[in-house]
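Let's take a walk through this one together. Have the fold on screen and follow along.

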Amino acid sequence: MLDCVWWKKWYSAPGVVAAMGMVMLVISSEVYLYISANNDLIKKRIEIPLLQKSLKELKKENERLQYEINQFESPAHLMQLLHQPEYSHLKPVYQDKVIEIPLPRS
Amino acid sequence: MNHHPLSEVKRLWILGAVLAGLFSLLVAHYYQIQIVEHEKWLKEASKQHFFVVKEPFRRGRFFSNTEVKIGHPVKPIPFVNDIEKHHLYIDPQSIPPSLKKNIAEKLKQALDLDKEEGEVLKKQFLKKSRNRKVASWLDQEVKEEILMWWRPFARKNRIASNALYFVADNQRSYPYGKLLGQVLHTVQTLKDEKTDQSIPTGGLELSCNRYLKGCLGKRRLMRSPFNSLETGEVLMSPENGADVYLTINHVLQAIAEEELEKGVKKCKAKSGWAVMMDPYNGHILALAQYPFFYPPDYQAFFNDPLLMENAKIKAVTDANEPGSIIKSITLAIALLANKELAAKGEKPLFSVDEKIPTDNGKFPGRSKPIVDTTLHHFLNFDMALQRSSSVYAARLVERIINRLGPEWYRNALQDIFGFGTKTGIQLPAESWGVLPLPGKKHPNGTFEWSTSTPFSIAMGYNIQATTLQMLRAYTVLLNQGKRVDPTLIKKIVKEDPQGKQTILYEHIPTYTKVLDEDICARVLRGMKFTTKKGGTSRKADIWGYTEGGKSCTAKKIVGRSYSETQYIGAFLGVAPINKPAFILLVTMDEPEYGYIAGWGKNHNGGTCSAPVFRDIARRSLEYLGIPPDDPFGYPSGDPRHDPKKGDWYEETESLMRLYEQWNRNCI
């Protein structure tokens with residue numbers, strides 16, 4: 001089969017070899033990029049549940065902290081604070097002193 | 001060797017056929033497993049490699065009404081919330097007996113248990129079980145502290161790490177502690193094992209339970225040491241319960257509770273309650289009761305009959321004889337009777353300026369005459385309200401009975417003011433109250449309605465009403481003759497896992513026009529005199545604001561007769577009187593009987609409840625941002641004090657002069 005004339009001609013032509021090399025290079029690069037992208041995707045897929053877990057924990061922590069803030073800001077506690085001399089300057093704001101400014105239209 | 005070529009080929013064929021047969025069997029078996037029994041083996045594999053865990057849901061929450069404060073940002077403020085806590089379990093069979101004592105001791109320290117509790121914990125380790133709950137509702141910090149010790153300990157001693165484990169659960173938590181305790185109530189510590197739903201103990205938790213319930217979610221996890229318990233495929237998202245937006249404002253509630261506690265302690269009452277309502281839409285803005293009920297301690301309340309009394313909402317469940325508070329209603333009915341007679345072309349029943357004799361308290365059917373606390377010889381409409389005359393009220397009712405009949409009077413009480421009918425408040429065990437019915441008998445055989453009954457009802461006896469029924473009756477007077485039912489719920493909102501909100505219930509007030517506006521305005525005018533000079537409730541005068549109201553000092557029935565020392569002292573007031581922000585009824589149950597020098601009769605509603613009304617009302621009006629409308633109406637000693645410029649000064653002075661003129665000449 002190697003003795004075939006057309007094969008010899010084609011094989012010995014430098015342009016064809018270069019073209020083959022280019023094709024191989026392009027294919028290899030594409031394959032590499034594909035595998036690399038796939039690896040990144042898998043990494044992300046592994047990260048998602050971990051991020052979900054930490055997000056869930058952050059939400060729970062947020063709820064817990066909000067609960068503690070609410071405890072501190074309980075009206076009974078705020079009224080206790082109001083009786084202290086350092087807050088005695090605070091006065092109720094009457095409705096006629098409140099000015100409502102409409103937000104500008106976006 | 002001589003080989004026969006045919007026999008070799010034959011053997012090859014046989015071998016080939018056998019292999020082909022075996023291969024066919026393999027293919028057939030493979031077909032059976034993969035195609036025919038696909039579902040079965042898939043389930044089996046899933047069972048071996050995966051398991052499903054329940055995802056807890058959040059029970060619905062209760063939110064404060066932050067819209068009452070005009071011109072301020074509205075943000076959701078929860079009265080109650082579900083906070084994630086942890087239950088600690090052990091697997092006694094996975095723990096070597098030699099280490100059980102050591103582990104129990106360590107847990108005892110971490111959980112801060114006393115000796116007795118420590119012994120109970122140790123016994124759990126001796127049980128032949130795979131899971132024993134040893135501690136409930138632990139904080140995240142405690143869980144982390146235990147795990148920090150447990151993980152290296154388990155590794156070192158080669159114990160399965162899940163021989164000690166935690167299960168997360170949502171606990172009902174109250175950021176404001178006892179605030180609104182009786183109304184909210186709580187849920188039992190243990191949930192329903194089948195449904196995983198909380199079991200309410202009463203209050204709104206019970207009446208709104210069907211909305212507050214949620215649905216458990218499902219999550220599929222892989223059995224793998226690398227697979228964290230918190231990750232996995234969500235098969236079904238948990239569905240949280242619906243949130244209930246209340247009409248109660250947390251600050252108004254806190255003000256009412258603080259002042260009520262002070263008031264009950266000051267007059268040494270058995271208990272007390274205060275209810276504040278918006279007369280225009282029926283929104284209950286505050287519902288306080290002292291002694292308080294702290295929801296997380298519900299077991300202590302339910303195990304003690306004396307404490308259990310404090311777990312119910314007396315403003316809803318207890319119907320008492322309203323006493324003098326009903327006199328404004330009596331007088332309104334008399335004015336209506338005037339109109340009724342005028343429509344028939346008949347002479348009116350009375351005139352508001354008429355000089356009616358009140359020194360004789362004898363009435364048909366009564367063995368004892370009705371007497372006022374102070375003897376008045378003649379009174380008119382305003383004087384009667386100001387001085388709370390029972391004789392005047394009964395005399396008007398006598399005229400009503402004579403001209404229009406008892407049925408007409410009773411119908412007015414029921415159809416116009418709603419006595420004897422439920423308000424429909426969203427709380428369990430609401431009382432109907434008692435409005436006697438002519439012809440109906442008591443269990444002891446006596447008639448509910450006798451000849452003397454209407455005269456007793458005129459001054460608030462022989463009739464029973466809850467606090468909410470009284471407030472509803474007064475909405476007629478404050479709302480230009482339109483009756484409004486009270487409500488505790490503004491709306492109920494359900495949020496799906498995608499965040500989409502659906503309104504399941506929204507309160508739209510319904511108004512029933514039952515009385516003419518001029519009658520209402522005339523009665524309210526009379527109620528302004530009660531807190532002024534000569535009135536029975538001067539202690540209810542709100543500094544800087546206008547107000548009106550009516551007090552009551554009603555004897556309690558003890559055994560089969562009225563007690564001479566046990567009273568209900570109450571005050572119902574409205575402020576500011578020209579455009580009421582709220583109507584507030586303060587009730588003291590059994591204030592200490594007696595006279596206190598410089599203070600007055602302690603058991604009188606005008607003494608024990610009126611000051612509590614004043615303090616709650618003043619602070620509430622300031623919180624609501626309502627500017628003072630009586631700038632000179634301050635107590636003496638205050639630089640703003642100027643009685644002559646104060647609201648209703650001229651009218652009060654004029655009424656006083658007339659009263660003295662009518663009554664001085666008779667002395």
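In chain B, β1, β6 and β7 line up in the order β1-β6-β7 as an open, three-stranded sheet with antiparallel pairing. Strands here are DSSP runs of E with at least two residues, helices are runs of H or I with at least four, and both are numbered from the N terminus; two strands pair if DSSP finds at least two bridges between them. At the edges sit β1 (50-55) and β7 (233-236) of chain B, each pairing on one side only. On average, neighbouring strands of this sheet are turned by 30° against each other, direction ignored.

This is a predicted model, so to speak of local features takes pLDDT of at least 70, and side-chain atom pairs count only at pLDDT 80 or more, while totals for chains, interfaces and linings use all residues. Residues are numbered from 1 along each chain as its sequence is written, chains are lettered from A and ligands numbered from 1 in the order in which they are written, and side-chain values use heavy atoms, with hydrogens and water left out.

Now zoom in on β6 (residues 217-222) of chain B, which pairs with β7(B) in the antiparallel sense over three bridges. Across that pairing, Lys218(B) stands opposite Met236(B) in β7(B). Helix α2 (residues 38-49) of chain B packs on the sheet, touching β1 and β6 of chain B, where contact means heavy atoms within 4.5 Å. The direction of α2 makes about 65° with that of β1(B); axes are lines fitted to C-alpha atoms, for helices over the stretch in contact, and angles run from 0 to 180 degrees between N-to-C directions.

Over in chain A, there are three helices and zero strands.
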